Amino acid sequence: MVLEDIFTKDCIIVDLQSTEKDELFEEMVEKLYSIVPDFNREEVLFALNEREAKMSTGIMHSVAIPHAFVSSINGTFGVIGISRDGIDYDSLDRAPVHVVFMLLAGEGQTEKHVQVLKSLAILLQKKDFVKNIISCKTQSEVYNLIVQSEDVV
């Protein structure tokens with residue numbers, strides 16, 4: 001079980017307030033900072049935006065996976081955000097994003113980073129997974145869905 005360790009219950013936002021990508025990154029970074037306050041927020045935001053400038057991480061309908069390596073991060077952490085209204089993300093299909101899996105890894109965490117991205121890719125291909133996560137109303141519901149879905153992969 002990879003995802004349940006990276007995307008903990010405390011790092012889930014079920015009602016994102018952001019409507020644009022820049023706001024979204026700030027909101028999600030603040031969530032992580034409230035739980036793990038020992039990293040440089042400006043460095044994280046810069047790394048996310050720099051990665052995004054190369055190519056949008058809005059990779060499939062309704063889903064984005066912004067990710068970056070950051071020297072001030074010690075380990076690998078994730079934040080999940082769900083937007084009921086959708087976020088203008090400049091995604092590849094130009095559609096709004098409703099589910100965001102933000103992944104941040106420290107230097108030397110390449111293997112873990114790739115493992116998490118691979119596990120997410122497998123999970124996102126499961127029938128109705130995105131629809132089901134969008135319908136979750138609490139952090140516990142989102143976390144339990146991820147744990148249960150990852151168990152049957």
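Is I59 buried, exposed or partly exposed? I59 is partly exposed, because its relative accessible area is 43% (buried means under 20%, exposed over 50%, partly exposed in between, with a 1.4 Å probe and protein chains only). This is a predicted model, in which local features need pLDDT of at least 70, side-chain atom pairs count only at pLDDT 80 or more, and totals for chains, interfaces and linings use all residues. Residues are numbered from 1 along each chain as its sequence is written, and side-chain values use heavy atoms, leaving out hydrogens and water.

**View A. The loop residue I59.** I59 is in the loop between α3 (41–54) and β2 (63–64) (helices are DSSP runs of H or I with at least four residues, strands runs of E with at least two, numbered from the N terminus).

**View B. The aromatic pair F7 and F101.** The whole structure has three aromatic pairs (ring centres of Phe, Tyr or the six-membered ring of Trp within 6.5 Å; planes under 30 degrees apart are stacked, over 60 edge-to-face, the rest tilted). One of them is F7 with F101, edge-to-face, at 5.7 Å centre to centre and 75 degrees between the planes. F7 is in the loop between α1 (3–6) and β1 (12–13), and F101 is in strand β5 (residues 97–105), 94 residues apart. F7 is buried at 0% relative accessibility, and F101 is buried at 0% too.

**View C. The aromatic pair F25 and Y89.** The ring centres of F25 and Y89 are 6.3 Å apart and their planes are at 80 degrees, so this pair is edge-to-face. F25 belongs to helix α2 (residues 21–35), while Y89 is in the loop between β4 (76–87) and β5, 64 residues apart.
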